Amino acid sequence: MELLIVAIIGAGCGYMSIWTSVILNATVEERVRSLLLGVIIDIIMLALFSIIGHGFIFSWMLIFKYLLLVS
């Protein structure tokens with residue numbers, strides 16, 4: 001059940017990142033830049049969550065987020 005909740009949150013985060021990049025940016029270059037900036041932020045957040053001990057759950061959330069982004 002816990003993994004299902006994390007999967008739903010991860011898919012929601014992926015959907016929101018796509019939606020905001022499409023709505024808020026006019027050109028394809030700006031959209032790609034926005035998504036790549038999100039990847040950098042995800043890496044920083046993963047490092048911080050790993051330091052405080054919640055990196056395992058956050059990494060599963062990122063897995064489901066990027067599974068939605070690549071599909």
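Select Phe 49 to begin: with a relative accessibility of 29%, Phe 49 counts as partly exposed (buried is under 20% relative accessible area, exposed is over 50%, and partly exposed is in between, using a 1.4 Å probe and protein chains only). You're looking at a predicted model, where local features need pLDDT of at least 70, side-chain atom pairs count only at pLDDT 80 or more, and totals for chains, interfaces and linings use all residues. Residues are numbered from 1 along each chain as its sequence is written, and side-chain values use heavy atoms, leaving out hydrogens and water.

Phe 49 and Phe 58 make a stacked one, 4.8 Å from centre to centre with 25° between the planes. Then pick Phe 56, Trp 60 and Phe 64, a cluster linked by ring pairs.

Zoom out and colour by secondary structure. The protein has three helices and zero strands (DSSP runs numbered from the N terminus: helices are H or I, at least four residues, and strands are E, at least two). Its C-alpha atoms fill a box of roughly 40 × 25 × 15 Å along the principal axes, and 18% of the 71 residues count as buried.

Now show helix 2 (residues 28-52) and helix 3 (residues 55-70). Their axes come within 8 Å and cross at roughly 160° (lines fitted to C-alpha atoms, for helices over the stretch in contact, with angles from 0 to 180 degrees between N-to-C directions). So helix 2 runs roughly antiparallel to helix 3 (over 145 degrees; under 35 is roughly parallel, 65 to 115 roughly perpendicular, the rest oblique).

To see where they touch, select Gly 38, Val 39, Asp 42, Met 45, Leu 46, Phe 49 and Ser 50 in helix 2, which meet Gly 55, Phe 58, Ser 59, Leu 62, Lys 65 and Tyr 66 in helix 3 (contact is heavy atoms within 4.5 Å).

Last stop: Ser 21, in helix 1 (residues 2-24). Is Ser 21 buried or exposed? Ser 21 counts as buried, at 2% relative accessibility. Leaving aside neighbours within four places in sequence, Ser 21 contacts Arg 31, Ser 34 and Leu 35.

Before you close the viewer, colour by pLDDT (the predictor's confidence in each residue, from 0 to 100). The protein's mean is 88, with 100% of residues at 70 or more.

Key:
Rings of Phe, Tyr and Trp (its six-membered ring) pair if their centres lie within 6.5 Å; planes under 30 degrees apart count as stacked, over 60 as edge-to-face and the rest as tilted.
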